[in-house]
Amino acid sequence: MHFTRKLGQIAAVCAGLMLATPAAMAQTTLKMVSHSDLKVLDPVWTSALITRNHGYMIYDVLFAKDADLKVQPQMAEKYEVSPDKLTWTITLRDGLEWHDGTPVTAEDCVASLKRWWVRDSFGQLLAAATGDIKVVDAKTFQIVLKEPFGMVLEALAKPSSLVPFMMPKRVAATDPFKQIEDYTGSGPFIFKKDEWKPGEKVVYVKNPKYKPRPEAPSMLAGGKVAKVDRVEWMAIPDPSTAVNALLAGEIDLIESPVPDLFPMLKADKNVALFGWNQLGSQIIMRFNHLHPPFNNVKARQAAMYALAQEDMLRAQVGDPEIYKVCNAPFVCGTAYGKEYGDLLIKPNLEKARQLLKESGYDGTPVVMMQQTDLQSSNQVQAVAKPQLEKAGFKVDLQPMDWQTVVSRRARKEAPAQGGWNIFFTTNITLDLDNPATNAFASGGCEKAWFGWPCDAELEKLRAAFIKETDPAKLKEIGYAISDRVMGEAIYAPVGQYKAFGAYRKDRLSGWLEGPVPVVWNISKK
């Protein structure tokens, strides 16, 4: 009996080995640390970059920008524009399927665009110019404009928050102001909700039915080829712990290690730093325009005259080779990157105090949210607080995790009832260097980005901008928008920096440069 049992055990082991085919045994898992924990999963409901990154894992887009910043078809096979430039006909490519096996249809895309353009400032401009958006057949739909709109493709290829990701019609039918509960996409990876543990890890697996485009990958365009079978986003909020895990080989990649730890990374021959976003990002300070004191323009202006970018950038980024002092809301060195002398560079406390007095500020503490776990903007608050206090503000600095900030910034209640006055965030310069795409620069009241600035003149200028085709007039309007943003203190630019990641070069290859840390095309030995 004992011998027979042994034979049975050996047979079971052999059977298991036979079942473990070479393909199964070669299954690869990429373990990486993202810049934040993921708790909000709807990339239309929130503009949080971690949710945007999640979106790129599981969803796809109609058009995308390549490394030359040219718009290329992605889910679209082709598009046609009528001679009067008012009718845009978009046809989907063959072989597109949702993760549940159903085909992607034109109805899905129309529903997705309708949900997206309610929340996105660029989308709102496109929606206002659209007379109809209609299905032609299962693979074709039309955007019929009622007035000229020169940036249709740029809107559909918007690379960052909020990205016009395509979702099934049943999901896209969700109220844009409520979060979705179905995470079915058509992208190169599938979200494993059953393995998602907020504060611990997020898991994605390769979509075996995904049909990449035939072109070579180029930034966000071309073939999205998933070269690993499984991706795990590990939540390691302490930067030193994350770096030590990378050096020890416990993880493969860190999206955004803090610059202070670059020397440790450079000292390891098996680790490489990679400037995946050389175009850079911009940090901003956002005011809540609904409640005192920042419902008064003079209080907002007072805050801007009190700030000094260099001190904040030194605290947040550290290395002057990586950051750049810049007070242009549409990014220094770009077509619309108008700069404003010493404003936000050298504080003028006398003017700040006078403006604050004129605003009628009553000394109520200003609630400043601080995202302690977000390495791109978690150090600026401790510097901004005393700068504002020198001008006469009282500041209530409230530490919390980033996902709490993401949820709380959507609340319109007064600060005393759980709302807020100030928070800091970042976005890629590729989304900010154009007055049409820059969500921070909207003055659309309740439709505007968090903070809800309400400025009819700003919206009038933005509407004129997207209709203009003459380059000289376009720049003139762009500068006027920039002047309005700064004059009304819609938000405060804090400066620019380049994003570097770190990875095990003895294991990984193929990380693409671009404005988003994409995982497709990365191979693991």
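Predicted model: local features only at pLDDT ≥ 70, side-chain atom pairs only at ≥ 80, totals over all residues.
**Helix 11**

I started with helix 11, residues 309–316, and asked which of its residues are buried. I found Gln 309, Met 312, Leu 313 and Gln 316 on that list.

Next I looked up what the buried residues of helix 11 pack against. My list has strand 12 (271–287), strand 13 (323–324), helix 13 (380–390), strand 16 (422–428) and strand 17 (491–504). I also noted Gly 318, just after the helix, with a positive phi of about 90 degrees.

**Cavities**

How many cavities of 30 Å³ or more are there? I count six.

The largest cavity holds about 330 Å³ of space. I get 28 lining residues for it, with Ser 256, Gln 375, Ser 376, Tyr 497 and Ala 499 nearest its centre. Strand 17 gives the most to this lining, four residues, while helix 3 (49–58), strand 12 and strand 16 are also among the elements supplying at least two each. By type, I sorted the lining into 15 nonpolar, 10 polar and three charged residues.

The second largest cavity comes to about 80 Å³. Its lining includes Trp 402, Arg 409, Phe 440 and Trp 449. Strand 16 makes the largest contribution to that lining, with three residues. Here my tally reads six nonpolar, five polar and one charged.

Key. Residues numbered from 1 in each chain as written. Heavy atoms only, no water. Buried < 20%, exposed > 50% of the residue type's maximum accessible area, 1.4 Å probe, protein only. Contact = heavy atoms within 4.5 Å. 1 Å grid on protein atoms, 1.4 Å probe; cavity = no way out; pocket = protein on both sides within 12 Å on 5 of 7 lines; lining within 4 Å. Points joined across faces, edges and corners; volume = space filled by probe spheres on them. Nonpolar A, V, L, I, M, F, W, Y, C, P; charged D, E, K, R; others polar.
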